[in-house]
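Student: I have a model open and would like to go through it. Can we start with pockets?
Tutor: Fine, here it is.

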Amino acid sequence: MKLETDAQPFNLNLTLDAGQAFRWQKDKKTGCRSGVIRGQLIHISQTSDKQLEFKCAPGPDNAVAEMLRSYFRLDGSYNEMRHSISRDSQMTGLTKQHKGLRLMRQEPWECLISYICSATNSVQRISESMENLSEKWGKELRLGDCIRHTFPTPTDLAAADEDELNALIKGIPTLGFRVKSAAQMVCDGSLNLTALAENPSCSEVVKELKNLNGVGDKIANCVALFSLDKTDAFPVDRHIARGLIQMGFSGSQKQAQDYFGKYAGYAGQLIFHHTRTTHHTRTNES
DNA sequence: ACCCAGGTGTAGG
DNA sequence: CCTACACATGGG
(Lines give C-alpha, C1' and ligand atoms only; values in the text may rest on other atoms or scores of the structure.)
Protein backbone atom coordinates (compact mmCIF):
# COMPACT_ATOMS: atom_id res chain seq x y z
CA MET A 1 0.00 0.00 0.00
CA LYS A 2 1.26 3.48 -0.90
CA LEU A 3 1.56 6.25 1.62
CA GLU A 4 2.07 9.87 0.59
CA THR A 5 4.16 11.95 2.96
CA ASP A 6 3.21 15.51 3.82
CA ALA A 7 4.81 17.84 1.29
CA GLN A 8 7.83 18.36 3.53
CA PRO A 9 11.26 16.70 3.53
CA PHE A 10 11.28 13.13 4.79
CA ASN A 11 14.12 10.63 4.63
CA LEU A 12 13.04 7.24 5.98
CA ASN A 13 16.46 5.63 6.33
CA LEU A 14 18.03 8.72 7.85
CA THR A 15 15.21 8.88 10.37
CA LEU A 16 15.39 5.20 11.29
CA ASP A 17 19.18 5.18 11.53
CA ALA A 18 19.53 8.24 13.73
CA GLY A 19 19.47 6.29 17.00
CA GLN A 20 15.95 7.15 18.17
CA ALA A 21 14.31 3.73 17.80
CA PHE A 22 16.08 0.41 18.19
CA ARG A 23 14.04 -2.27 16.49
CA TRP A 24 13.98 -1.33 12.80
CA GLN A 25 15.90 -3.85 10.74
CA LYS A 26 17.04 -3.49 7.15
CA ASP A 27 16.85 -6.19 4.51
CA LYS A 28 20.32 -6.48 3.05
CA LYS A 29 19.10 -7.21 -0.47
CA THR A 30 16.12 -4.93 -0.87
CA GLY A 31 16.89 -2.24 1.70
CA CYS A 32 13.34 -2.60 2.97
CA ARG A 33 12.84 -1.79 6.66
CA SER A 34 10.97 -4.06 9.02
CA GLY A 35 9.66 -3.08 12.41
CA VAL A 36 6.81 -3.74 14.79
CA ILE A 37 4.40 -1.05 15.91
CA ARG A 38 1.32 -1.67 18.03
CA GLY A 39 1.49 -5.39 17.53
CA GLN A 40 1.73 -5.17 13.75
CA LEU A 41 4.72 -6.15 11.66
CA ILE A 42 5.44 -3.40 9.14
CA HIS A 43 7.57 -3.57 6.01
CA ILE A 44 8.23 -0.09 4.71
CA SER A 45 10.42 1.52 2.10
CA GLN A 46 10.69 4.91 0.49
CA THR A 47 9.86 5.00 -3.22
CA SER A 48 10.38 8.72 -3.81
CA ASP A 49 10.82 12.01 -1.95
CA LYS A 50 7.14 12.10 -1.19
CA GLN A 51 6.05 8.51 -1.21
CA LEU A 52 6.39 5.46 1.00
CA GLU A 53 5.23 1.94 0.43
CA PHE A 54 4.31 -0.50 3.16
CA LYS A 55 2.87 -3.90 3.94
CA CYS A 56 1.74 -5.10 7.31
CA ALA A 57 0.73 -8.23 9.18
CA PRO A 58 -1.77 -8.84 10.53
CA GLY A 59 -3.47 -6.70 7.94
CA PRO A 60 -3.92 -5.08 5.50
CA ASP A 61 -5.52 -2.29 7.37
CA ASN A 62 -6.09 1.29 6.31
CA ALA A 63 -5.69 2.38 9.90
CA VAL A 64 -1.99 1.48 9.62
CA ALA A 65 -1.44 4.35 7.21
CA GLU A 66 -2.72 6.85 9.77
CA MET A 67 -0.72 5.14 12.48
CA LEU A 68 2.44 5.56 10.40
CA ARG A 69 1.64 9.22 9.80
CA SER A 70 1.56 9.74 13.52
CA TYR A 71 4.64 7.60 14.15
CA PHE A 72 6.78 9.58 11.69
CA ARG A 73 5.04 12.90 12.35
CA LEU A 74 3.91 13.27 8.76
CA ASP A 75 1.59 16.01 9.96
CA GLY A 76 3.05 19.04 8.24
CA SER A 77 4.84 20.32 11.32
CA TYR A 78 8.35 19.54 10.09
CA ASN A 79 9.14 22.87 8.43
CA GLU A 80 7.85 24.81 11.40
CA MET A 81 10.02 22.67 13.65
CA ARG A 82 13.13 23.22 11.55
CA HIS A 83 12.49 26.92 11.33
CA SER A 84 11.87 27.21 15.04
CA ILE A 85 15.21 25.72 16.07
CA SER A 86 17.22 27.60 13.44
CA ARG A 87 18.22 30.20 15.98
CA ASP A 88 21.68 30.72 14.53
CA SER A 89 23.73 29.88 11.47
CA GLN A 90 25.10 26.68 13.00
CA MET A 91 21.67 25.19 13.60
CA THR A 92 20.39 26.39 10.23
CA GLY A 93 23.33 24.51 8.75
CA LEU A 94 22.49 21.33 10.64
CA THR A 95 18.85 21.41 9.53
CA LYS A 96 20.01 21.64 5.93
CA GLN A 97 22.74 19.06 6.25
CA HIS A 98 20.40 16.48 7.80
CA LYS A 99 17.28 17.43 5.91
CA GLY A 100 14.54 14.82 6.18
CA LEU A 101 15.57 13.51 9.59
CA ARG A 102 12.25 13.43 11.40
CA LEU A 103 11.51 13.28 15.07
CA MET A 104 9.63 10.04 15.68
CA ARG A 105 6.66 9.45 17.96
CA GLN A 106 7.27 5.99 19.40
CA GLU A 107 5.22 3.79 21.66
CA PRO A 108 5.78 4.93 25.26
CA TRP A 109 6.17 1.55 26.93
CA GLU A 110 8.74 0.16 24.50
CA CYS A 111 10.53 3.50 24.40
CA LEU A 112 10.77 3.56 28.19
CA ILE A 113 12.30 0.11 28.39
CA SER A 114 14.66 0.82 25.49
CA TYR A 115 16.06 3.92 27.13
CA ILE A 116 16.26 2.36 30.57
CA CYS A 117 18.63 -0.09 28.89
CA SER A 118 20.56 2.70 27.18
CA ALA A 119 22.60 3.71 30.22
CA THR A 120 26.30 3.50 29.34
CA ASN A 121 25.43 1.26 26.44
CA SER A 122 25.69 1.35 22.65
CA VAL A 123 22.91 1.66 20.10
CA GLN A 124 23.74 -1.75 18.68
CA ARG A 125 23.63 -3.48 22.04
CA ILE A 126 20.38 -1.78 22.99
CA SER A 127 18.93 -3.08 19.72
CA GLU A 128 20.13 -6.60 20.42
CA SER A 129 18.72 -6.50 23.91
CA MET A 130 15.28 -5.29 22.80
CA GLU A 131 15.23 -8.01 20.15
CA ASN A 132 16.15 -10.62 22.74
CA LEU A 133 13.28 -9.55 24.98
CA SER A 134 10.86 -9.65 22.04
CA GLU A 135 11.94 -13.09 20.91
CA LYS A 136 11.59 -14.40 24.44
CA TRP A 137 8.19 -12.97 25.42
CA GLY A 138 6.67 -11.38 22.29
CA LYS A 139 4.13 -12.89 19.93
CA GLU A 140 5.49 -14.18 16.66
CA LEU A 141 4.53 -12.25 13.54
CA ARG A 142 5.20 -13.29 9.95
CA LEU A 143 5.23 -11.35 6.70
CA GLY A 144 6.58 -13.33 3.77
CA ASP A 145 9.87 -14.84 4.90
CA CYS A 146 10.28 -12.30 7.63
CA ILE A 147 9.66 -13.35 11.23
CA ARG A 148 9.57 -10.73 13.96
CA HIS A 149 8.02 -10.47 17.41
CA THR A 150 5.89 -8.00 19.29
CA PHE A 151 7.49 -6.21 22.20
CA PRO A 152 6.76 -7.84 25.59
CA THR A 153 3.90 -6.37 27.59
CA PRO A 154 4.35 -4.82 31.05
CA THR A 155 2.72 -7.95 32.46
CA ASP A 156 5.30 -10.14 30.73
CA LEU A 157 8.26 -8.23 32.10
CA ALA A 158 6.79 -7.69 35.56
CA ALA A 159 6.59 -11.46 35.95
CA ALA A 160 9.94 -12.18 34.33
CA ASP A 161 12.80 -13.74 36.24
CA GLU A 162 15.39 -11.09 37.03
CA ASP A 163 18.35 -13.31 36.21
CA GLU A 164 16.80 -14.20 32.88
CA LEU A 165 16.29 -10.50 32.12
CA ASN A 166 19.91 -9.82 32.97
CA ALA A 167 21.01 -12.58 30.63
CA LEU A 168 19.01 -11.13 27.74
CA ILE A 169 19.85 -7.48 28.30
CA LYS A 170 23.41 -6.52 27.43
CA GLY A 171 25.03 -3.91 29.60
CA ILE A 172 25.27 -3.27 33.31
CA PRO A 173 23.80 -6.12 35.37
CA THR A 174 21.29 -3.93 37.20
CA LEU A 175 19.28 -3.30 34.02
CA GLY A 176 17.20 -6.43 34.62
CA PHE A 177 16.14 -5.12 38.00
CA ARG A 178 15.35 -1.69 36.56
CA VAL A 179 13.27 -3.12 33.72
CA LYS A 180 11.32 -5.41 36.01
CA SER A 181 10.63 -2.69 38.52
CA ALA A 182 9.45 -0.30 35.78
CA ALA A 183 7.14 -3.04 34.47
CA GLN A 184 5.72 -3.60 37.94
CA MET A 185 5.04 0.10 38.35
CA VAL A 186 3.16 0.21 35.05
CA CYS A 187 1.16 -2.86 36.07
CA ASP A 188 0.19 -1.57 39.50
CA GLY A 189 -0.69 1.85 38.14
CA SER A 190 1.96 3.85 39.96
CA LEU A 191 3.26 4.82 36.53
CA ASN A 192 0.56 5.83 34.04
CA LEU A 193 2.13 6.42 30.64
CA THR A 194 -1.18 7.35 29.04
CA ALA A 195 -1.66 10.12 31.58
CA LEU A 196 1.89 11.34 30.97
CA ALA A 197 1.26 11.48 27.22
CA GLU A 198 -1.71 13.76 27.89
CA ASN A 199 0.11 16.00 30.36
CA PRO A 200 1.42 19.01 28.39
CA SER A 201 4.05 19.89 30.99
CA CYS A 202 7.44 18.50 30.08
CA SER A 203 8.94 19.23 33.47
CA GLU A 204 6.11 17.45 35.30
CA VAL A 205 6.41 14.42 33.04
CA VAL A 206 10.18 14.29 33.48
CA LYS A 207 9.77 14.53 37.24
CA GLU A 208 7.33 11.61 37.26
CA LEU A 209 9.59 9.43 35.13
CA LYS A 210 12.54 10.11 37.40
CA ASN A 211 10.73 8.25 40.17
CA LEU A 212 11.66 5.06 38.33
CA ASN A 213 14.74 3.18 39.31
CA GLY A 214 17.60 3.96 36.94
CA VAL A 215 15.77 6.82 35.25
CA GLY A 216 17.51 10.15 35.62
CA ASP A 217 17.37 13.41 33.71
CA LYS A 218 18.68 12.06 30.44
CA ILE A 219 16.49 8.99 30.09
CA ALA A 220 13.39 10.81 31.34
CA ASN A 221 13.89 13.45 28.68
CA CYS A 222 14.40 10.80 25.99
CA VAL A 223 11.12 9.07 26.85
CA ALA A 224 9.29 12.40 27.05
CA LEU A 225 10.70 13.52 23.70
CA PHE A 226 10.53 10.34 21.66
CA SER A 227 7.25 8.88 22.87
CA LEU A 228 5.24 11.32 24.99
CA ASP A 229 5.09 14.20 22.52
CA LYS A 230 7.14 16.62 24.61
CA THR A 231 9.04 18.32 21.79
CA ASP A 232 10.64 20.71 24.26
CA ALA A 233 12.27 17.85 26.17
CA PHE A 234 16.05 18.02 25.80
CA PRO A 235 18.05 14.92 26.69
CA VAL A 236 21.77 15.55 27.08
CA ASP A 237 24.04 12.56 26.64
CA ARG A 238 27.79 12.56 26.13
CA HIS A 239 27.54 13.25 22.40
CA ILE A 240 25.17 16.17 22.79
CA ALA A 241 27.19 17.57 25.68
CA ARG A 242 30.28 17.51 23.48
CA GLY A 243 28.37 18.99 20.55
CA LEU A 244 26.96 21.80 22.66
CA ILE A 245 30.39 22.77 23.93
CA GLN A 246 31.79 22.76 20.39
CA MET A 247 28.96 25.09 19.45
CA GLY A 248 29.79 27.51 22.22
CA PHE A 249 27.25 26.49 24.84
CA SER A 250 28.14 25.77 28.43
CA GLY A 251 26.80 22.24 28.15
CA SER A 252 24.07 22.85 30.69
CA GLN A 253 20.78 21.21 29.84
CA LYS A 254 18.57 24.11 30.86
CA GLN A 255 20.48 26.76 28.95
CA ALA A 256 20.21 24.89 25.66
CA GLN A 257 16.60 23.87 26.28
CA ASP A 258 15.60 27.49 26.86
CA TYR A 259 17.60 28.70 23.88
CA PHE A 260 15.96 26.31 21.40
CA GLY A 261 12.46 26.58 22.84
CA LYS A 262 9.34 24.70 21.85
CA TYR A 263 11.13 22.16 19.63
CA ALA A 264 14.38 21.97 21.57
CA GLY A 265 14.39 18.19 21.42
CA TYR A 266 14.65 18.21 17.66
CA ALA A 267 17.67 20.49 17.89
CA GLY A 268 19.21 18.01 20.31
CA GLN A 269 18.48 15.12 17.98
CA LEU A 270 20.24 16.91 15.12
CA ILE A 271 23.23 17.69 17.32
CA PHE A 272 23.31 14.07 18.50
CA HIS A 273 23.23 12.67 14.99
CA HIS A 274 25.74 15.18 13.70
CA THR A 275 28.35 14.75 16.40
CA ARG A 276 27.93 10.99 16.40
CA THR A 277 28.34 10.63 12.63
CA THR A 278 31.15 13.13 12.12
CA HIS A 279 33.41 12.42 15.07
CA HIS A 280 34.81 9.12 13.77
CA THR A 281 36.16 10.57 10.54
CA ARG A 282 38.13 13.20 12.38
CA THR A 283 41.59 11.80 12.70
CA ASN A 284 43.95 14.73 12.24
CA GLU A 285 42.95 17.15 14.84
CA SER A 286 44.47 18.74 17.78
C1' DA B 1 45.94 -2.51 28.69
C1' DC B 2 43.06 1.49 27.41
C1' DC B 3 38.95 3.81 25.66
C1' DC B 4 34.30 4.15 24.64
C1' DA B 5 29.25 3.32 24.82
C1' DG B 6 22.39 7.94 23.99
C1' DG B 7 23.93 7.49 32.66
C1' DT B 8 22.48 7.10 37.46
C1' DG B 9 23.06 7.74 42.34
C1' DT B 10 25.54 9.43 45.94
C1' DA B 11 28.72 12.29 48.39
C1' DG B 12 30.92 16.44 49.16
C1' DG B 13 32.12 21.29 48.38
C1' DC C 1 23.76 25.13 42.34
C1' DC C 2 28.08 22.63 40.93
C1' DT C 3 31.92 18.71 40.36
C1' DA C 4 33.93 14.01 41.31
C1' DC C 5 33.61 9.33 41.51
C1' DA C 6 31.95 4.34 41.74
C1' DC C 7 29.38 1.22 39.22
C1' DA C 8 30.16 -2.60 35.22
C1' DT C 9 30.54 -4.99 30.49
C1' DG C 10 31.77 -6.15 25.66
C1' DG C 11 34.07 -4.57 21.51
C1' DG C 12 37.55 -1.78 19.02
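Student: Which residues lie nearest the centre of the largest pocket?
Tutor: Asn121, Lys218, Asp237, His239 and Phe272 do, out of 29 residues that line the largest pocket. A pocket here is an open set of points on a 1 Å grid over the protein atoms alone, where a 1.4 Å probe fits and protein lies on both sides within 12 Å along at least five of seven lines; lining residues have an atom within 4 Å of a point. The model is predicted: local features need pLDDT of at least 70 and side-chain atom pairs pLDDT 80 or more, while totals for chains, interfaces and linings use all residues. Residues are numbered from 1 along each chain as its sequence is written, chains are lettered from A and ligands numbered from 1 in the order in which they are written, and side-chain values use heavy atoms, without hydrogens and water.

Student: What volume does the largest pocket have?
Tutor: About 570 Å³. That is the space filled by probe spheres set on the points, with grid points joined across faces, edges and corners.

Student: Which helix gives the largest share of the lining?
Tutor: H15 does, with 6 residues. Helix H6 (123-137), H12, helix H13 (238-246) and helix H15 (264-278) each supply at least two residues. Helices are DSSP runs of H or I with at least four residues, strands are runs of E with at least two, and both are numbered from the N terminus.

Student: And how does the lining divide into nonpolar, polar and charged?
Tutor: The lining has 12 nonpolar, 12 polar and 5 charged residues. Ala, Val, Leu, Ile, Met, Phe, Trp, Tyr, Cys and Pro count as nonpolar, Asp, Glu, Lys and Arg as charged, and the others, Gly among them, as polar.

Student: Where does the largest pocket lie relative to the domains?
Tutor: Between domain 2 (108-227) and domain 3 (238-285), because both give residues to its lining. The domain bounds come from an automatic or database domain assignment.

Student: Switching to aromatics. How many pairs does a search of the whole structure find?
Tutor: There are 12 aromatic pairs. In the one formed by Trp24 and Phe72, the ring centres are 6.4 Å apart and the planes at 45°, so this pair is tilted. Rings of Phe, Tyr and Trp (its six-membered ring) pair if their centres lie within 6.5 Å; planes under 30 degrees apart count as stacked, over 60 as edge-to-face and the rest as tilted.

Student: Where do Trp24 and Phe72 lie?
Tutor: Trp24 is in the loop between helix H1 (12-16) and E2, and Phe72 in the loop between helix H2 (62-71) and helix H3 (78-85), so the pair ties together parts 48 residues apart in sequence. Trp24 counts as buried at 11% relative accessibility, and so does Phe72 at 0%. Buried means under 20% relative accessible area, exposed over 50%, partly exposed in between (1.4 Å probe, protein chains only). Phe10, Trp24, Tyr71 and Phe72 form one aromatic cluster.

Student: Last topic, strand E3. Is it mostly covered or mostly open?
Tutor: E3 (residues 33-37) is mostly covered, with 5 of its 5 residues buried. Arg33, Gly35 and Ile37 are buried on one side, Ser34 and Val36 on the other.

Student: In what sense do E3 and E4 pair?
Tutor: E3 and strand E4 (residues 40-48) pair in the antiparallel sense over 5 bridges. Two strands pair if DSSP finds at least two bridges between them. Ile37 has Gln40 as its bridge partner in E4.
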